[in-house]
Amino acid sequence: MILFKRSLELINHLQAKVNAKLKIGFAPTMGALHQGHISLITESKKNCDITVCSIFVNPTQFNDPKDFQKYPITLEKDIYLLEKNGTDILFLPQAQEIYPSGTKDLEHYDLGYLESILEGKYRQGHFQGVCQVMSRLLTIVQPDFLFMGQKDYQQCMVVKRLLQIMKLNAKFITCATLRESDGLAMSSRNLRLNEKQRINATGIYQALTYIKENIESENFNNILADARSILESKDFKIDYVEIADANDLQLLKNWDGKQKIVALIAAFQDEIRLIDNMILNSEHN
Ligand code: AMP
């Protein structure tokens, strides 16, 4: 694995690969890597000749400064995992490299409805930050394939929109959510959970599973109220529990039984915010 800290050097290196007609796959991350991240690398290796991973804890996407300060960093282990799993290139920039003129007064993206709901509503400015960093990373890496996780469902939709805005042809691949054996979605933030919070945290998966199991027989209001009770019984403070059209994230109060739908949850164990989602009418989650 080759490690690049400077974008220009990475750009030059990748240009030679493009000239040699090699396909470039890209998995952007914020580090503290787990098997969920590695599944993106594995998927890239299946589809591409060169797999690039970036680790950059992007300051502009944190609406809560404490969340940014406490974001876990496990760089040595990350490098070990990436190397072990066949990553070709790690891009590890400093903030100065991504934002040479600082992070004030950055560009604004028109994300429309997507920014007014769920994560957009509860984390003001978050998706602007995601687009600001992703536009820079995509300009540097110019991938043929982009691998991102369904775990961040709305983020996938935002980045697909960004690809359109930037008129980039990268093929977007949504990778399934990897879970711990008790159902908890793998997440870097799980490292911050203490023993009790870690046990409680499975409540999100239980609530999603409950919604999925009862979606045919109950009305949405009742199901969502029950799901909230499951979360509250595990000491969660809830941001949202919603059911939405899986294609455009329009929030739904009922269902025609045909459209593809997804349940989405964001909730806190004390100050640690967790998110997860589940497609409700498919074998897969
Ligand atoms: P992050 O480091 O949290 O910004 O995540 C980097 C990428 O890994 C994003 O595309 C995430 O959606 C994806 N990811 C995070 N957790 C998981 C998971 N449990 N399973 C699959 N992909 C994940």
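Start by selecting K21, which lies in the loop between α1 (7-19) and β2. Helices (H or I, at least four residues) and strands (E, at least two) are DSSP runs, numbered from the N terminus. You're looking at a predicted model, where local features need pLDDT of at least 70, side-chain atom pairs count only at pLDDT 80 or more, and totals for chains, interfaces and linings use all residues. Residues are numbered from 1 along each chain as its sequence is written, and side-chain values use heavy atoms, with hydrogens and water left out.

**Stop one: K21**

Check the backbone here: K21 isn't a glycine, yet its phi is positive, near 65 degrees. Is K21 buried or exposed? Its relative accessibility is 71%, so K21 counts as exposed. The cut-offs are under 20% relative accessible area for buried, over 50% for exposed and partly exposed in between, with a 1.4 Å probe and protein chains only.

**Stop two: the strands**

Two strands pair if DSSP finds at least two bridges between them. β2 pairs with β3 in the parallel sense, over 6 bridges, and with β5, also parallel, over 2 bridges. Click on F26: opposite it you'll find V52 in β3 and L146 in β5.

Hop across to β3 (residues 50-55), where 6 of the 6 residues are buried. Both faces are covered, with I50, V52 and S54 on one side and T51, C53 and I55 on the other.

Because 4 of its 5 residues are buried, β5 is largely enclosed by the rest of the structure. From β5, 5 bridges lead on to the parallel strand β6 (residues 171-175), and L146 stands opposite F172 there.

**Stop three: the ligand**

Which of the 16 residues around the ligand come nearest? They are M30, H37, D152, L178 and M186.

For polar contacts, look for pairs of N or O atoms within 3.5 Å; within protein, one must be able to donate a hydrogen and the other to accept it, and residues adjacent in sequence count only if both atoms are side-chain atoms.

- M30: a polar backbone atom is 2.9 Å from a ligand oxygen.
- H37: a polar side-chain atom is 2.9 Å from a ligand oxygen.
- M186: a polar backbone atom is 2.9 Å from a ligand nitrogen.

On its own the ligand has 480 Å² of accessible area, and the protein covers 93% of it. Those areas come from the Shrake-Rupley method with a 1.4 Å probe; for residues, only the protein chains shown count as cover.

Colour the shell by class and you get 8 nonpolar, 6 polar and 2 charged residues. Here Ala, Val, Leu, Ile, Met, Phe, Trp, Tyr, Cys and Pro count as nonpolar, Asp, Glu, Lys and Arg as charged, and the others, Gly among them, as polar.

Select α7 (residues 126-141): its 16 residues reach 22 Å from first C-alpha to last, close to the 22 Å expected at 1.5 Å a residue. That expected span is 1.5 Å times one less than the number of residues. With 15 of its 16 residues buried, α7 is therefore largely enclosed by the rest of the structure.

Step on to Q142, in the loop between α7 and β5. Q142 has a positive phi of about 45 degrees although it isn't a glycine. Its relative accessibility is 45%, so Q142 counts as partly exposed.

Technical notes:
Near = heavy atom within 4 Å.
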